[in-house]
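Take a look at the model below.

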Amino acid sequence: KAEEEKRKADEEKRKADVEKREAERKRRKADKAQRKADKARRKVDEAQRKADEAHHKAEEEKRKADEEKRKADVEKREAERKRRKADKAQRKADKARRKVDEAQRKADEAHHKAEEEKR
């Protein structure tokens with residue numbers, strides 16, 4: 001009877017040892033899977049960070065480009081306004097010159113006529 005109980009106890013111990021080893025193996029496997037998942041998550045986080053950075057940079061560059069374009073448009077309108085103003089002044093000057101030329105011509109004509117009559 002004592003031998004039977006010892007055999008049973010040995011069997012129980014052997015089963016318990018097998019279960020303990022199995023549980024330890026599963027724990028190590030789970031730890032490894034956890035480390036792998038953590039590594040993958042870090043990789044994904046880094047990729048996300050880089051993508052966010054690139055997106056932010058692109059938005060900043062677009063904002064700058066838009067600002068440059070707005071400035072260029074303002075300068076173009078300003079230059080166009082000044083050109084029209086200069087054209088108007090040119091026309092005014094031409095008109096005044098024609099008036100002066102006409103007056104000069106009339107004066108020359110009158111002077112010539114007066115000299116003719118004097119003779």
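How far apart in helix H1 are Arg-81 and Glu-78? They are 3 residues apart, which puts about one helical turn between them. Helices here are DSSP runs of H or I with at least four residues, strands are runs of E with at least two, and both are numbered from the N terminus.

This is a predicted model: local features need pLDDT of at least 70, side-chain atom pairs count only at pLDDT 80 or more, and totals for chains, interfaces and linings use all residues. Residues are numbered from 1 along each chain as its sequence is written, and side-chain values use heavy atoms, with hydrogens and water left out.

Back to the pair. The side chains of Arg-81 and Glu-78 form a salt bridge, 2.7 Å from N to O. The term stands for a side-chain nitrogen of Lys or Arg within 4 Å of a carboxyl oxygen of Asp or Glu. Side chains of opposite charge can pair when their charged atoms come close. Arg-81 has a relative accessible area of 39% and is partly exposed. Glu-78, at 34%, is partly exposed too. The classes are buried for under 20% relative accessible area, exposed for over 50%, and partly exposed in between (1.4 Å probe, protein chains only). Elsewhere, salt bridges with shared partners link Glu-24, Arg-27, Arg-28 and Asp-31 into one network.

Now go to Glu-4. Its salt bridge partner is Arg-7, with the closest N and O atoms 2.9 Å apart. Glu-4 is partly exposed at 38% relative accessibility. Arg-7 is partly exposed at 48%.

Arg-41 and Asp-38 make another salt bridge, at 3.4 Å between the closest N and O atoms. They too are 3 residues apart in helix H1, about one helical turn. Arg-41 has 48% relative accessibility and counts as partly exposed. For Asp-38 the relative accessible area is 27%, again partly exposed. By the salt bridge rule, the count comes to 22.

A polar contact of 2.6 Å joins its side chain to that of Arg-105. Such a contact is a pair of N or O atoms within 3.5 Å; within protein, one must be able to donate a hydrogen and the other to accept it, and residues adjacent in sequence count only if both atoms are side-chain atoms. Glu-102 is partly exposed, at 34% relative accessibility.

What does the whole chain look like? The protein chain has 1 helix and 0 strands. Its radius of gyration is 51 Å, well over the 14 Å that the globule rule gives for 119 residues, so the chain is more spread out than a compact globule. That radius is taken over C-alpha atoms, and the rule is 2.2 Å times the number of residues to the power 0.38. Along the principal axes, the C-alpha atoms fill a box of roughly 175 × 10 × 5 Å. Buried residues make up 0% of the 119 residues.
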